[in-house]
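Visitor: I have not seen this structure before. Please show it to me, and let me ask how its parts get their names.

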Amino acid sequence: MIDYSDNRYSKLFDKQKSQQLAMGRTTYKERIKKLKALQTALEDTYKQALRDALYKDFKKPQLEVDLSEIYPVVDEIKFVNKQLKSWLSKQKVDTPITLLGSSSWIKNESKGVCLIISPWNYPINLTFGPLVSAIAAGNTVILKPSEMTPHTSKVMCDIVNDLFEEHEVALIEGEVEVSTELLKLPFNHIFFTGSPQVGKIVMKAASEHLTSVTLELGGKSPVIIDDSSNLDKAVKKIVFGKFLNVGQTCIAPDYVFINESLKSAFIESFKKHLKIFFTENPSHSDSYGRIVNQKHFERLKGYLEDAISRNATIAIGGASEEKENYIEPTVVFDLPEDSELMQYEIFGPILPVKTYTSMSEVLEYINSKEKPLALYIFSKNKKRINDIINNTRAGGTCINHNLLQFQNHNLPFGGSNNSGIGKSHGYFGFLEFTNQRSVLKQHTLGAIDLLTPPYTDFKQKLVDVTMKWF
Ligand code: NAD
């Protein structure tokens, strides 16, 4: 058993632990009050500070901060605000006739002390989004954002210190070592968003305390464009989905399958939309950000060099500027299967394209890989769309667009196996931070009370009748 007594965060943990039942007893109104305070901080008090911080961290355009960082959290708060009263009310369920004289219900109760570890790519969205669910469920929370976006982490820390007592929500900034220390503590739930590699470390650490986990991970999300689709519209949407946040999006298209016959039209349309979105030179466009840091810049540059060394075709882009961590939007064809771009999650502005002649080869390829976080289909053919869905597995699917599945809080968001365990958003996120406690109350003596020892022939007959008829 791990001794966590000298862990430097154990005092904070103990403080939160001592408050967990009090937090769990708070009413839905008290929880909503906290969430509304967070909403005001995001929409008003700290909005400009957050925009400035994300610009300093990786030149994220202001509109993208509003659209993809602040709005999703505010929208989640509004959704929870409408539903929380009913989520926290007694969920009555039927009781079978064999338990006549009893009633049954589910009590959605808080899990206790929770840890949220988040990545750098959408630091506000992926730190405060799960926090909304955790607060709604009545937990105390320790947040550990990524060390790679320090300016944003600093502002998020100010917000947390401003709005919450340390014993309810605390944010700890710092490097990987901070997560390592925190992971030694016996949390009641860990919500991790990040890579599958680190997800395994988190799950292993959680197993020491049998802590439940939500793992929101990544992977290679494919796009299929068939010959019935409106190609130009599909390409426009993919250019948006792929280059939002410079491709550093967990559900961004990782690679595209197009029907062989569409290849040259695809390239022409892609060039056209890139130019409309980001001008002839995206490095001068205010709508195009940067790679988060030099380490990731070099990783992506390495993928491109590997592709070139294997005689892949750079159909569009390929340029980069090291001192700016800038990589041009890039489209690559003819990649061998063992190239780095086809082996690893890209998480950057490089899009491999594969051509196909039959849909069965596409499905076979996708099914030979880990289950993706997202699978996108551009097609007008209903039968084909159903065939693709029924013959593949993925965390989520968007038909005739990409990324949008994230924004509907009525849908569970998450992966499957290598792309994740558990779901977030709306009621699904709330449930991750909730223990669904089953309660059965006996009002009058029931049939079961006739069956206590000593077991007699009469009681055996009663059991026989019950098993036959009920
Ligand atoms: P990462 O796994 O490197 O880091 C995520 C978090 O884990 C950070 O806070 C980091 O400090 C911490 N961490 C890193 N190494 C650790 C270790 N050895 N022990 C404990 N903690 C550690 O991921 P990242 O680079 O920040 O983000 C990119 C990855 O996240 C991609 O794979 C992407 O697909 C995935 N992602 C998934 C979602 C989703 O919702 N499913 C969303 C965004 C990003």
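Visitor: What makes the residues of the lining of the second largest pocket nonpolar, polar or charged?
Guide: The classes go by residue type: Ala, Val, Leu, Ile, Met, Phe, Trp, Tyr, Cys and Pro count as nonpolar, Asp, Glu, Lys and Arg as charged, and the others, Gly among them, as polar. On that basis the lining of the second largest pocket divides into twelve nonpolar, five polar and no charged residues. This is a predicted model, in which local features need pLDDT of at least 70 and side-chain atom pairs count only at pLDDT 80 or more, while totals for chains, interfaces and linings use all residues. Residues are numbered from 1 along each chain as its sequence is written, and side-chain values use heavy atoms, with hydrogens and water left out.

Visitor: Which residues lie nearest the centre of the second largest pocket?
Guide: Of the 17 residues that line it, Ser68, Leu244, Leu403, Phe406 and Gln407 lie nearest the centre. Helix 4 (62–88) and helix 5 (123–136) each supply at least two lining residues, and helix 4 gives the most, with four. Helices (H or I, at least four residues) and strands (E, at least two) are DSSP runs, numbered from the N terminus.

Visitor: Why is the second largest pocket said to lie between domain 1 and domain 2?
Guide: Domain 1 (8–217 + 421–437) and domain 2 (222–414) both give residues to its lining, so the second largest pocket lies between them. The domain bounds come from an automatic or database domain assignment.

Visitor: What separates a pocket from a cavity?
Guide: Both are found on a 1 Å grid over the protein atoms alone. A cavity is a set of points where a 1.4 Å probe fits but cannot get out, whereas a pocket is an open set with protein on both sides within 12 Å along at least five of seven lines. Lining residues have an atom within 4 Å of a point. Grid points are joined across faces, edges and corners, and a volume is the space filled by probe spheres set on the points. The second largest pocket has a volume of about 360 Å³, and the largest pocket has about 1,400 Å³.

Visitor: What lines the largest pocket?
Guide: Its lining has 49 residues, of which Gly194, Ser195, Pro196, Gln197 and Glu345 lie nearest its centre. Helix 8 gives the most, with six residues. By class the lining holds 24 nonpolar, 14 polar and eleven charged residues. Domain 1 and domain 2 each provide at least three residues of this lining.

Visitor: Why is the largest cavity placed between the domains?
Guide: Domain 1 and domain 2 both give residues to the lining of the largest cavity, so it lies between them. The lining has 20 residues, with Leu126, Pro130, Phe406, Ser424 and His425 nearest the centre. Helix 5 gives the most, with five residues. Among the residues that line the second largest cavity are Lys242, Asp254, Glu345 and Phe347.

Visitor: Why is Asn139 called buried?
Guide: Buried means under 20% relative accessible area, exposed over 50%, and partly exposed in between (1.4 Å probe, protein chains only). Asn139 has a relative accessible area of 0%, so Asn139 is buried. Asn139 sits in the loop between helix 5 and strand 4 (140–144). Leaving aside neighbours within four places in sequence, Asn139 is in contact (heavy atoms within 4.5 Å) with residues including Met23, Cys114, Glu168 and Phe433.

Visitor: What makes a set of residues a nonpolar core?
Guide: A nonpolar core is a set of buried Ala, Val, Leu, Ile, Met, Phe, Trp, Tyr and Cys residues joined through side-chain atoms within 4.5 Å. The largest one has 64 residues, and Ile225, Phe266 and Leu341 are among those with the most contacts inside it. Helix 9 (residues 231–243) contributes the largest share of this core, six residues. A second, separate core of 46 residues includes Val74, Trp87, Cys114 and Phe347.

Visitor: How many residues of domain 1 are in contact with domain 2?
Guide: 26 residues of domain 1 are in contact with 27 residues of domain 2. The centres of the two domains, taken over C-alpha atoms, are 30 Å apart.
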